Amino acid sequence: MMTRSMNLVPYPRKITSQTPPDLPVYFSHQFINGPSICSVVIDRNKRPSQWLGRAFENYLAVGVGRYCGASRYWALRRGQGTILEMEQPSLAPTMTSVPTRLWFVEGLAAVFGLVALVMVWRKGRANKRNKFGATPLGKTSRNEVDAKSVGGARAKDDDEDRIDAIVVGAGVAGSALAFTLGKDGRRVLVLERDLNEPDRIVGELLQPGGYLKLVSLGLEDCVDGIDAQKVFGYALFKDGRSAKVGYPLEGLSDDVAGRSFHNGRFIMKLREKLASLSTVKLKQGTVLGLIEENGVVSGVRYRAPDGSEVQVQAPLTFVCDGCFSNLRRNLCNPQVDVPSCFVGLVLVNCELPHARHGHVVLADPSPILFYPISSTEIRCLVDIPGQKVPAVANGDMAKYLLNHVAPQLPEQLKGAFIKAVEKGDIRSMPNKSMPALPKPTPGALLMGDAFNMRHPLTGGGMTVALSDILVLRDMLKPLPDFYDSPALCDYLQAFYTRRKPVASTINTLAGALYRVFCASPDEAMKEMRQACFDYLSLGGVFSSGPVALLSGLNPRPLSLVTHFFAVAIYGVGRLMLPFPSIKRMWVSARLIQGASMIIFPIIKAEGVLQMFFPSMVPTYHRTPPTK
Ligand SMILES: Cc1cc2nc3c(=O)[nH]c(=O)nc-3n(C[C@H](O)[C@H](O)[C@H](O)COP(=O)(O)OP(=O)(O)OC[C@H]3O[C@@H](n4cnc5c(N)ncnc54)[C@H](O)[C@@H]3O)c2cc1C
């Protein structure tokens, strides 16, 4: 969004690969010296986009002299498209054409311009703050140096290339973020340690709220062509009873629903989208560490597939290396909790009792999930509390699943479950939760699971990551570049607050629901679990409200607290009716106390003010740096 008033005048000029490289234009003094400078509106690939500032995507400006009181500059063509409009500089006489009589002068000026250009570039290299120039990423960035060539770091490639941002990790968060930045014209280098299709048991159900974020990011086609299944809600099972809870999708377009799929196929689609942008370069490489100079992150060191160690620099590095992040240490206070593990199996040749719904079995000791991941496969995730799971190799896991889990499953799924256990493809993942506790660091930002995690029971991880990317995209859009790291870091503190209402609602619900859905010997918690099942079975607002929170369709913190305590009060009502007894009153009091002890610590970790009254947090109102 443009934040200042502009006087744009039509400047229709098509730039093709045949267009002579030097395009003379006139700008006022402000162009080089002033804080608010020339604006150019360029239609790139038929998508109009606005470029503010000196560092245009497609143009490089060099001052060559004065003309009628205004400095005159040459904008050297660096790309293709159509200039639609330019800002009318206050001093320049015209911006629409080059007077014929000036061709000779301009020829000379072009030569001077090129010389000046080289000088500007060299100066820019010296102070690493070159704000001019913009080239699409080449094979290797000029920002790259061979880390071993110490004492005269060797520039590996073309001196012309420059990177605006490095993204570490091309999972859900890294790929979506890099695509968004690239679409906004930033030159992005994505480093991913393994470009093969991932084969994991994580990130397989995208909530409808997450799908909507995908649409906003222009990535909705990534769920096409991968046999993704539309999901319309949940079915809950407890003690032989079941309840169906649909997503509140009324009023939304037909394509809006949850989507479940093979995580690897989805990731590959996201990476394909990256490859479609000339501004994004996706490379294989394992990032070994961040380069930090005087508290400012200026890039990363990575190991290339040939084993060489390479350094690459950029004004901003996004760390999206997932739940096992090695790089987050310096960028946040990681307080990782592992309440349980998920054991994953794939069921084939069976139908879910409720087609196109996620299934949650409220089992003992904790929930079991089922959802389709293709037209022929159903994912089963068995939650096992604690950080250790029975060993697969010696058969303890199979015994546990057959003897303890299988008897608790709905009849329709038992046979396929037993076959899947006997087949033996059993995998497990720790279920981590980690509140977002960033240490704001100039030059770097954490995203995705590296930044914030919640229990995966509600399948909210990808929705939070995509929601964060949208918040960040809108904050970064007005910035001409990312070079003023301290000012940018200061500004981005607003991001930590602006993301909160959505992220902390989904996080809190995941943590609280997991606790409520676990079996407990405590009478009060048993009542709470039953009350939750019955409350959701009531239908109407009692199911649509909580499901709207869970699905990311309406993630409002106040609504979360209201429904959570409504469940507790519903539980108390069940205990008190028809006749209250002293024992029931005692259990009711402990139920309210237990509910409070579940939800309040989670809310406290998320930050009460940030979650409920974000606009009262001073950082919320930070504005983009003007420099
Ligand atoms: C068992 C389980 C089930 C889940 N189910 C769901 C679900 O159904 N729905 C949902 O929304 N969420 C789910 N989640 C959460 C979801 O998986 C995550 O929130 C999501 O994957 C986060 O994306 P990410 O990009 O941050 O991390 P990832 O998707 O893990 O991506 C990280 C990427 O970084 C790369 N990388 C790591 N280190 C380096 C390095 N040093 N150099 C270069 N690259 C590196 C990795 O190879 C990987 O590609 C689940 C989580 C778990 C544990």
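## A parallel sheet

Strand β9 (residues 165-168) and β10 pair in the parallel sense over four bridges. Strands here are DSSP runs of E with at least two residues, and helices are runs of H or I with at least four, numbered from the N terminus. Two strands pair if DSSP finds at least two bridges between them. Within this pair, V168 stands opposite L191 in β10.

This is a predicted model: local features need pLDDT of at least 70, side-chain atom pairs count only at pLDDT 80 or more, and totals for chains, interfaces and linings use all residues. Residues are numbered from 1 along each chain as its sequence is written.

The open sheet has five strands, in the order β16-β10-β9-β20-β26, with parallel pairing. At its edges stand β16 (280-284) and β26 (444-446); each has a single partner strand, so one side of each is left without a neighbour in the sheet.

## An antiparallel sheet

Another open sheet has three strands, ordered β11-β15-β12, and its pairing is antiparallel. Its edge strands are β11 and β12 (229-231), and each pairs on one side only. Two bridges join β11 to β15 (residues 258-260). L205 stands opposite S260 in β15.

## Around the ligand

The ligand has 37 residues around it, and G169, G171, G322, G448 and G461 come nearest. A residue is near a molecule or strand if its C-beta atom, placed from the backbone, lies within 6 Å of it. Elements giving two or more residues to this shell include α3 (172-183), β10 (188-192) and β11 (205-206). Helix α8 gives the most, with four residues.
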